[in-house]
Amino acid sequence: MTDLRVNFAGVEFRNPLVLASATPGWDGEGLKRAGLAGIGGVVPKTIGPVQDWAAHPCNGRLQLIKHGGKPIGMVNLELFTTMAREAWIEKELAIAKEGGAAMQISILAMPQPEETAKLVQEIQDAGMADILELNVSCPMPASTVGMHIGKNAKLTYEQTKAAKSVAKLPLTVKLTPNVSDMVEIASAVKEGGGDGVVISNSIRSFAGVDIETGMPLLRGYGGYSGPAIKPVIMRHLSEVARAVKIPISAIGGVMSFKEIVEYIMLGATTVQTCTAVMWNGYNIITKILKDLENWMDQKGYQSLDEIRGIALPHIAPVEELAKLPSKHAQIDPDKCNNCGTCMRVCFYRAISAGDNAHCVKETDCDGCGLCPQWCPTQAIQFV
Ligand SMILES: Cc1cc2nc3c(=O)[nH]c(=O)nc-3n(C[C@H](O)[C@H](O)[C@H](O)COP(=O)(O)O)c2cc1C
């Protein structure tokens, strides 16, 4: 029987899927619904200090980014919780708990580390958290919070240390992908005593321009989320997992069980999701978890520990990969429908049209591997 339980930074989650800090967890009821749908953990919207910091545009702040008519991502201009801190402490967190998921509370790192420590103390004293998540990564603020802290290793270290000076619960830090080297920042968290890292918040971005009016689709810089960001997050996750020994929660573009498996194979322990729930509702949680369980059963895995990090040893510098033997495309004439797609995407001019099928001149093929992925009839093998 498959066991989906995981232990993240000393806290047991009934499964690895966690509702990321965002709109679906803007109040206790939303978090409770995610819990009742079966999710392993929930993270409320980031709890900050005073209300005017949290005000976000209520005249449009979410923009779908589409390609070929289908959404591939979303830009948002949403800041922190719009709910008073007292409301969370006195009422909303207790409602959220009724869903039965582990409670990972997101706390905003304040401009001064001492203020952060005070906030951590206050949230911890409410007695509702199982684990804490310090937010040094919101991509929107033009001021001294969010990614302005998280892109700097020294500031991240100071914030982690201050939060840890009062934290009795495990403390994780949610990092920003808007850095060239996340390893340096994750190391600063570890040095500051952090118990885990969350990789990561959304990518600072711009939504686009309406070409009829010349107006920006959203008039500010926002956070990019959803399926399109997965490769960027996987880069950061795998670099950190290979270099820093610290528990990791991964987030970015998790739309199905497959991305959970991928993230765990790259070293994550829990995997968070936001956009999938925003696009499909809380019920998608139940489906994703069922699919994960079925996949584990089919593969004969009993625990997620068996797959954690298994992809990491196969990652190598590109210079090393260049030393490996070459491969080339090979076309099966029985499957080729002569459509010409492979010729169009081959910039080495290695593929030519035949009477009934295309053929590859092996010595001209540079082994890039693109044509088999475009072939509509799976006629090309890469050997
Ligand atoms: C509308 C919206 C609001 C968000 N609010 C927060 C927030 O308050 N705190 C936070 O740490 N991250 C916030 N995020 C970032 C998400 O938690 C998550 O890191 C990001 O969306 C990537 O995950 P996804 O691709 O599954 O959406 C927000 C994201 C969205 C789309």
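1. Ser200 belongs to the loop that runs between strand S10 (196-199) and strand S11 (203-205), where strands are DSSP runs of E with at least two residues, helices are runs of H or I with at least four, and both are numbered from the N terminus. The peptide bond that joins Ile199 and Ser200 is cis, with omega at about 5°.

2. This is a predicted model, in which local features need pLDDT of at least 70 and side-chain atom pairs count only at pLDDT 80 or more, while totals for chains, interfaces and linings use all residues. Residues are numbered from 1 along each chain as its sequence is written, and side-chain values use heavy atoms, with hydrogens and water left out.

3. Most residues other than glycine have a negative phi, and most peptide bonds are trans.

4. The ligand is surrounded by 24 residues, the closest being Ser21, Thr46, Lys174, Gly253 and Thr275; a residue counts here if one of its heavy atoms lies within 4 Å of the ligand. By class, this shell holds eight nonpolar, 13 polar and three charged residues, with Gly counted as polar and with Asp, Glu, Lys and Arg as charged.

5. Among the polar contacts (pairs of N or O atoms within 3.5 Å), a polar side-chain atom of Thr275 lies 2.5 Å from an oxygen atom of the ligand. A polar backbone atom of Gly253 is 2.7 Å from a ligand oxygen, and a backbone N or O atom of Ser200 lies 3.1 Å from an oxygen atom of the ligand.

6. Taken alone, the ligand exposes 610 Å², of which the protein buries 98%, by the Shrake-Rupley method with a 1.4 Å probe. Strand S6 (70-76) and helix H10 (275-280) are the elements that give two or more residues to the shell around the ligand.

7. An automatic or database assignment divides the protein chain into domain 1 (6-314) and domain 2 (325-382), and the C-alpha centres of domain 1 and domain 2 lie 42 Å apart.

Definitions and conventions
A polar contact is a pair of N or O atoms within 3.5 Å; within protein, one must be able to donate a hydrogen and the other to accept it, and residues adjacent in sequence count only if both atoms are side-chain atoms.
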